[in-house]
Amino acid sequence: MKAVVVEQYAPFDQIELKDVPSPQMEPGHLRVRVEAAGIGFVDGLKIEGRYQTKDPLPFIPGTEFAGVVEEAPGAPGGYQSGMRVMGMTRSGALAEEIVVRPETVYPLPDGVAAEVAASFRANYLTALYALSARATIVAGEQLLVLGAAGGTGTAAVQIGKLLGARVIAAASTPEKREFAREHGADAVIDYTQAGWRDTLKELTGGQGPDVIFDPVGGDVSVQAFRSIAWRGRHLVVGFAGGAIPALPFNLPLLKGGALLGVDLAQIPTREPDVQKSLMSKLIGWLAEGKLKPAVGRVFALEDFREAFKTMQTRAALGKMVVRIAR
Ligand SMILES: NC(=O)c1ccc[n+]([C@@H]2O[C@H](COP(=O)([O-])OP(=O)(O)OC[C@H]3O[C@@H](n4cnc5c(N)ncnc54)[C@H](OP(=O)(O)O)[C@@H]3O)[C@@H](O)[C@H]2O)c1
């Protein structure tokens, strides 16, 4: 089969597509023919060996995928060959086939395209966990989303609207702000402009945002916290801008505010029941058509490097997806 193979940790432009043996089947597992894989920020860090945990070499990158079950001996988890699934694993999704445990996949609702399903789980689960389980956002509250046209940002805009919040989307270019509006943002803001906090104050009727969804980091995070409403909640999601900010402790005191961490990787083990209930909510919204995950650009497997490049050069709108066809 064809697969992206990381033999040495290196920048993505040095990584090759190779012909490799199909993964070996294991008892109680499923073999899935991958139709699409979603590319996340973490995948790029893993390829370069810069993520907090390192995958042993050689490895096939890619954590999110959608496809069709090809082998399911004994129907583990009730899955049978021919069923469409979406899943998330530690690695291996940028390949024509993957062998996974049944607990790592979910059945795909009818009519949901593989590209959509592969864009779905990490970003939308992160957004829903952050906004509901951590920030306990309620209808009518004001939500500021930083990096609002990126993968997690777009998900937060859409989920925020589904939860009844008023959503203010912060993004760096007119194209990105338009993309955020198209996905439901009520107002947009250019947070690269010096006076952006004044605009935010006006947009929130002088109160500041009740909840901040922050996948960006750096100085913008501290500036955003300085604008937060009384009893506001600032969700620490990631550091796409590169810098991990430090918040002076007097600010939470003065604001009656809270800084809340969000780590998708730990939810399955630390809060399995929460993950289950949030996933069933998301899949329900997906099946009912209430939630239409934003697919950014779709690349052929041969062009996987372009997907990483688009993301790492701050040019991505929504989630980058690689289509894998045989
Ligand atoms: N905590 C969790 O469980 C969890 C889950 C998923 C992802 N994450 C993390 O969240 C972060 C964002 O992930 P994502 O998938 O949303 O990424 P993304 O699609 O690339 O979006 C990140 C956004 O950050 C902004 N940004 C500012 N400076 C940037 C820079 N130097 N390079 C790239 N983007 C920059 C960009 O918006 P503007 O151009 O508008 O500023 C961009 O749209 C990553 O650090 C990722 O590891 C965490």
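Reader: Which residue in β6 is the bridge partner of Arg33?

Author: This is a predicted model, in which local features need pLDDT of at least 70, side-chain atom pairs count only at pLDDT 80 or more, and totals for chains, interfaces and linings use all residues. Residues are numbered from 1 along each chain as its sequence is written, and side-chain values use heavy atoms, with hydrogens and water left out. Strands here are DSSP runs of E, at least two residues, and helices are runs of H or I, at least four, numbered from the N terminus; two strands pair if DSSP finds at least two bridges between them. Strand β3 (residues 30–39) pairs with β6 in the antiparallel sense over 4 bridges, and in β6 the partner of Arg33 is Glu97.

Reader: Are the residues on the two faces of β6 buried or exposed?

Author: Buried means under 20% relative accessible area, exposed over 50%, and partly exposed in between (1.4 Å probe, protein chains only). In β6 (residues 97–100), Glu97 and Val99 lie on one side and Ile98 and Val100 on the other, and all are buried.

Reader: Which strands are the edges of the open sheet of 6 strands?

Author: The order is β10-β9-β8-β11-β12-β13, with parallel pairing. Two of these strands each pair on one side only: β10 (187–189) and β13 (258–261).

Reader: Which residue in β12 is the bridge partner of Ile212?

Author: Strands β11 (residues 211–214) and β12 (residues 233–236) pair in the parallel sense over 4 bridges. The partner of Ile212 in β12 is His234.
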